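This report describes selected features of one protein model. Please consult the sequence and the structure shown below while reading.

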Amino acid sequence: LLLKQSGARAVARSRLASLHARDGELFLRSIVLAGPQRSVPCGRMARALRWTLCCAVIGLLPSTARDAKGLLKSAIRDNNPVISFESNRLMGFKDEVPDDDDFTIPIGEADIKRAGTDVTIVALAWLVHEALAAAETLAKEGISVEVVDPRTLVPMDHEAIRRSVQKTGHCVIADEAGPTCGASAEIAALVTEDRATFSALKAPVKRVCALSVPIPYSPVLED
């Protein structure tokens with residue numbers, strides 16, 4: 001189900017978790033909502049990402065066409081409510097997509113988009129590609145960057161992120177949303193709250209996020 005009306009999205013988001021928890025399979029089984037991640041008035045999608053982290057719904061955030069297909073196939077087969085956030089900036093990207101109708105990607109499994117040893121960049125959606133570009137630049141300076149793509153916000157692959165940070169000792173989080181009450185804050189917490197991962201850190205966690213300011217209505221100003 002693709003929701004284009006912002007009001008319909010808001011109503012659906014506010015009801016999904018409560019209906020599923022209250023009535024279970026009597027009312028709601030498998031439902032998948034897909035919608036744009038940005039260019040939405042006044043930052044509503046950024047708030048939606050924060051909302052997803054707080055509620056009992058599955059939240060997908062693919063960065064490639066391959067991931068989008070595999071995750072959506074898994075979501076359709078899942079009996080829980082699912083919201084898939086699709087970045088408008090990725091609409092022009094091309095990617096190899098398996099023809100296999102049974103191709104799926106497990107929900108809650110992060111992907112190492114690039115292996116490295118010096119620093120971990122945990123990037124979301126479109127910023128995965130920016131992180132890969134940064135990794136190429138840093139490689140010329142002798143810095144080995146590992147790029148981790150969570151792919152799903154809920155459930156998030158804590159172990160994959162922690163393993164990477166334990167290996168590199170450095171963590172940078174790239175998120176288009178603001179730093180407060182968002183995915184970047186959640187990722188920073190899961191890194192620092194784990195004793196083994198915190199002990200492995202050689203420097204504080206760094207977040208690269210939007211500024212903590214109101215997001216303009218105009219897409220031109222938003223960009």
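Helices (H or I, at least four residues) and strands (E, at least two) are DSSP runs, numbered from the N terminus. The model is predicted: local features need pLDDT of at least 70, side-chain atom pairs count only at pLDDT 80 or more, and totals for chains, interfaces and linings use all residues. Residues are numbered from 1 along each chain as its sequence is written, and side-chain values use heavy atoms, with hydrogens and water left out.

Leu127, Val128, Ala131 and Ala135 are the buried residues of α4, where buried means under 20% relative accessible area (1.4 Å probe, protein chains only). Viewed down the helix axis, they fall within an arc of 105° and so line one face of α4; the arc is that of the directions from the helix axis to the C-beta atoms. The end C-alpha atoms of α4 are 18 Å apart, in agreement with the 18 Å that its 13 residues should span at 1.5 Å a residue; the expected span is 1.5 Å times one less than the number of residues.

## The sheet

Five strands form an open, mixed sheet in the order β4-β6-β5-β8-β9. Its edge strands, β4 and β9 (206-208), each pair on one side only; two strands pair if DSSP finds at least two bridges between them. Neighbouring strands of this sheet are turned by 25° against each other on average, direction ignored.

β4 and β6 run antiparallel and are joined by three bridges. In this pairing, Arg114 stands opposite Val147 in β6. Helix α4 packs on the sheet, and its direction makes about 170° with that of β6. Helix α6 (residues 183-192) also packs on the sheet, touching β5, β8 and β9, and its direction makes about 160° with that of β8. Axes are lines fitted to C-alpha atoms, for helices over the stretch in contact, and angles run from 0 to 180 degrees between N-to-C directions.

## Backbone features in the loops

Most residues other than glycine have a negative phi, and most peptide bonds are trans. Ala125 counts as buried, at 1% relative accessibility.

Arg151 lies in the loop between β6 (145-149) and β7 and has a positive phi of about 70°. Arg151 is buried, with a relative accessible area of 5%. The peptide bond from Val154 to Pro155 is cis, with omega near -5°; Pro155 is placed in the loop between β7 (152-154) and α5 (158-168).

Terms used:
Buried means under 20% relative accessible area, exposed over 50%, partly exposed in between (1.4 Å probe, protein chains only). Contact means heavy atoms within 4.5 Å.
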